Number of protein chains: 2
Amino acid sequence: MVRLKDIARHAGVSVMTISKALRDAPDVSANTKARIKALALQMGYVPDSSAQGLRTKTTKLFGLVIPAITNPVYARIVFAMEERAHELGYDVLLAQTLNKPEREEYGIRRFLSRRVDGLFISPVYRFEAEARVYQEIAARKTPTVLLGTPAPFCKNFPAMEIEETLASYHVTQHLVRLGHKRIAYFTGPPTAPWAHERFEGYRRALREANVEPDDKYVFAAGATIDDGTNAALQMLNENCDATAVQAVNDLVAVGCAETLLKQKLKIPEDISVAGFGNILTAEYYRVPLTTVRQPKYRLAIAAVEMMMNLIHGEKVQSKRLVAELIERESTAPPKG
Amino acid sequence: MVRLKDIARHAGVSVMTISKALRDAPDVSANTKARIKALALQMGYVPDSSAQGLRTKTTKLFGLVIPAITNPVYARIVFAMEERAHELGYDVLLAQTLNKPEREEYGIRRFLSRRVDGLFISPVYRFEAEARVYQEIAARKTPTVLLGTPAPFCKNFPAMEIEETLASYHVTQHLVRLGHKRIAYFTGPPTAPWAHERFEGYRRALREANVEPDDKYVFAAGATIDDGTNAALQMLNENCDATAVQAVNDLVAVGCAETLLKQKLKIPEDISVAGFGNILTAEYYRVPLTTVRQPKYRLAIAAVEMMMNLIHGEKVQSKRLVAELIERESTAPPKG
DNA sequence: CTTTGAAAGTTCAACGATTCAACAAATAAA
DNA sequence: TTTATTTGTTGAATCGTTGAACTTTCAAAG
């Protein structure tokens with residue numbers, strides 16, 4: 001492994017001169033610079049990031065904490081984030097929480113130990129108003145940008161969010177305009193703020209349409225296909241007379257739709273189904289799903305932008321991006 | 001930032017003792033260890049990875065080079081890889097190539113500069129028999145495991161592969177057994193060995209069924225939904241009389257199926273379609289796709305295993321995992 | 001009552017790049 | 001000729017951690 005020292009020996013100048021020449025410092029003659037750079041290249045010199053990191057206290061490393069990369073929503077975010085970070089000379093470390101607080105904690109600690117220059121976190125939501133590891137981040141003053149709605153325990157960090165409430169509102173409004181009045185809602189994880197916001201958008205749209213939200217149309221689901229399946233079974237079991245189902249996300253919508261189809265119900269003729277998120281599967285599902293497109297790519301890019309501002313010591317403010325309704329074949333006017 | 005030195009001052013012992021105690025060295029008494037560990041915890045000590053890396057010449061870092069994280073196949077691999085790596089105390093850096101050689105080169109160089117302890121690469125396939133970066137990796141002796149079939153330019157590295165040929169052979173055999181004789185094949189990227197292997201499996205199965213492979217049933221596609229769409233249009237345009245289509249992967253199959261459905265053809269009644277890969281979308285597609293399940297999770301785990309052997313200086317051999325046919329609704333006997 | 005040996009802890013130096021303060025040489029100004 | 005200024009270069013210190021060698025203490029073995 002070639003070190004500065006080795007180049008110095010070959011070139012007959014001090015290590016310092018080499019270091020400065022390679023970094024284009026102002027006080028090295030153009031001649032020397034050229035000579036040294038050529039030599040370094042020829043010898044195959046590659047700087048040692050550990051040594052640089054130790055000396056300069058900066059690692060050019062971002063830590064990215066997400067629930068799971070297999071969730072298409074996050075895959076897209078990672079995709080964009082990695083791309084932009086590389087353009088800026090940063091590398092990206094990945095940690096998956098599977099929505100378990102202890103895994104989140106473990107991942108964040110590892111990143112802090114690596115002295116990452118910045119932390120992007122999609123939080124694991126909990127009921128508690130405090131979370132130790134978030135206090136540690138604050139104490140360490142590691143620049144941090146949240147991906148998603150901030151909960152009480154992380155409310156002091158800037159966040160890049162999606163306008164969840166408004167987007168969900170548009171979905172419900174769309175169903176109402178098609179003529180639906182009895183719209184079931186499949187809720188998300190009870191601790192997740194985004195799930196509450198989406199639910200709130202649904203309720204607001206109903207009220208504006210002079211339909212009083214009724215708990216008998218609300219079913220507890222979650223965030224996975226299985227959660228959607230279970231909620232749908234529950235709904236069928238209760239002989240619910242809903243003419244449409246609005247799900248908290250696409251996976252739940254898929255689980256729901258699968259179950260309804262198995263019961264020989266036709267979508268959208270017998271019942272409409274709408275999702276949220278616009279994952280690939282939603283587009284190519286048996287019945288292409290009406291859903292909401294989240295600007296995930298732009299969200300990631302904006303988050304990196306925000307991070308750079310944080311790193312440069314500037315003030316930053318949380319931002320919310322608007323999402324867009326996509327009408328497909330899974331929604332139609334109710335029967336009769 | 002708390003350093004060993006700070007703990008040492010508080011505890012009234014040498015820095016070395018602290019270091020050893022925290023790492024459970026044998027020559028520190030249980031008492032002292034407990035005392036020091038408690039103190040470290042209380043003071044919020046987090047070791048500095050840069051310093052550790054500099055000193056020990058090991059970064060506990062893996063570099064993972066893949067085409068794109070948005071491709072569900074790789075998402076799954078990253079998922080497993082990250083999990084296993086963390087269990088072993090390693091962090092994972094991510095780089096996406098988008099199948100462009102220059103991006104691959106750039107990513108690998110960055111990882112080498114970071115002195116990663118190991119490199120997992122899903123190669124960008126090219127026609128050339130040599131590739132400079134791969135020679136650099138070899139020169140640096142960085143432990144490397146390939147994910148996927150090795151091409152000439154990287155044939156000297158151990159690889160974790162899928163039995164592509166055999167799996168593809170099973171798909172064709174399945175179609176033949178259903179009674180198909182005129183089976184179209186949508187090929188993958190021309191440079192990709194895995195694509196050739198799958199094609200080879202198709203040809204072998206045909207020959208064994210005494211059907212001579214005919215080029216008029218072969219259409220150049222690629223690896224994306226759009227590629228599948230284009231190949232399907234081409235096929236329709238040529239009035240091909242195939243009763244089934246076997247696609248090189250699921251995305252191509254989806255693009256193909258979408259196009260056929262738009263032409264009012266019924267799947268599988270009018271024409272069968274089979275994919276390869278078993279991505280989520282295949283399972284929940286309009287017509288659930290017959291496909292091949294690749295053991296991606298196991299592949300990743302085995303790749304890490306192989307890496308650990310490499311790191312420990314043991315000899316390793318490339319391995320091939322078998323994939324399994326999944327019969328769904330998109331294939332059926334031909335009409336009439 | 002020495003000798004041996006293990007246990008517990010210490011000291012010193014090093015890893016490789018960067019930065020600070022200092023210095024030499026060359027040039028310009030007084 | 002002297003002084004000041006610019007330009008190019010250097011040695012030593014530093015970042016936080018750890019490997020290797022060394023000292024001290026105390027108990028067991030001879």
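Two strands pair if DSSP finds at least two bridges between them. The legends below apply this to a predicted model.

**View 1. Strand E1 of chain B and its partner E3.** E1(B) and strand E3 of chain B, residues 118–121, pair in the parallel sense. Four bridges join E1(B) and E3(B). Within this pairing, B:Gly63 has B:Leu119 of E3(B) as its bridge partner.

**View 2. Strand E1 of chain B and its partner E2.** Strand E2 of chain B covers residues 91–96 and pairs with E1(B), again in the parallel sense, over six bridges. Here the bridge partner of B:Gly63 is B:Leu93. Between E1(B) and E2(B) the chain passes through helix H5 of chain B, residues 72–87, and this β-α-β crossover is right-handed.

**View 3. The two faces of strand E1 in chain B.** E1(B) spans residues 61–66 and is mostly covered, with six of its six residues buried. B:Leu61, B:Gly63 and B:Val65 point one way from the strand, while B:Phe62, B:Leu64 and B:Ile66 point the other way. Side chains alternate between the two faces of the sheet in a regular strand.

**View 4. The surface near DNA strand C.** DNA strand C is surrounded by 25 residues. The closest are A:Arg3, A:Leu4 and A:Ala51 from chain A, with B:Met16 and B:Thr17 from chain B. In chain A, helices H1 (4–11), H2 (15–22) and H4 (49–56) each supply at least two residues of this surface, as do H2 (15–22) and H4 (49–56) in chain B. H4(A) gives the largest share, five residues. By class, the surface near DNA strand C holds 11 nonpolar, seven polar and seven charged residues.

**View 5. The contact between chains A and B.** Chain A contributes 36 residues to the contact and chain B contributes 35 residues. On the side of chain A that touches chain B, at least two residues each come from H4, helix H5 (72–87), strand E2 (91–96), helix H6 (101–113) and helix H12 (280–283) of chain A. H5(A) supplies the largest share of that side, six residues. The side of chain A that touches chain B divides into 17 nonpolar, eight polar and 11 charged residues.

Definitions and conventions. Residues numbered from 1 in each chain as written. Chains lettered and ligands numbered in written order. Predicted model: local features only at pLDDT ≥ 70, side-chain atom pairs only at ≥ 80, totals over all residues. Near = placed C-beta within 6 Å. Nonpolar A, V, L, I, M, F, W, Y, C, P; charged D, E, K, R; others polar. Buried ≥ 20, exposed ≤ 12 C-beta atoms within 10 Å, placed from the backbone. Right-handed = clockwise from strand over helix to strand, strands pointing away. Contact = placed C-beta atoms within 7 Å.
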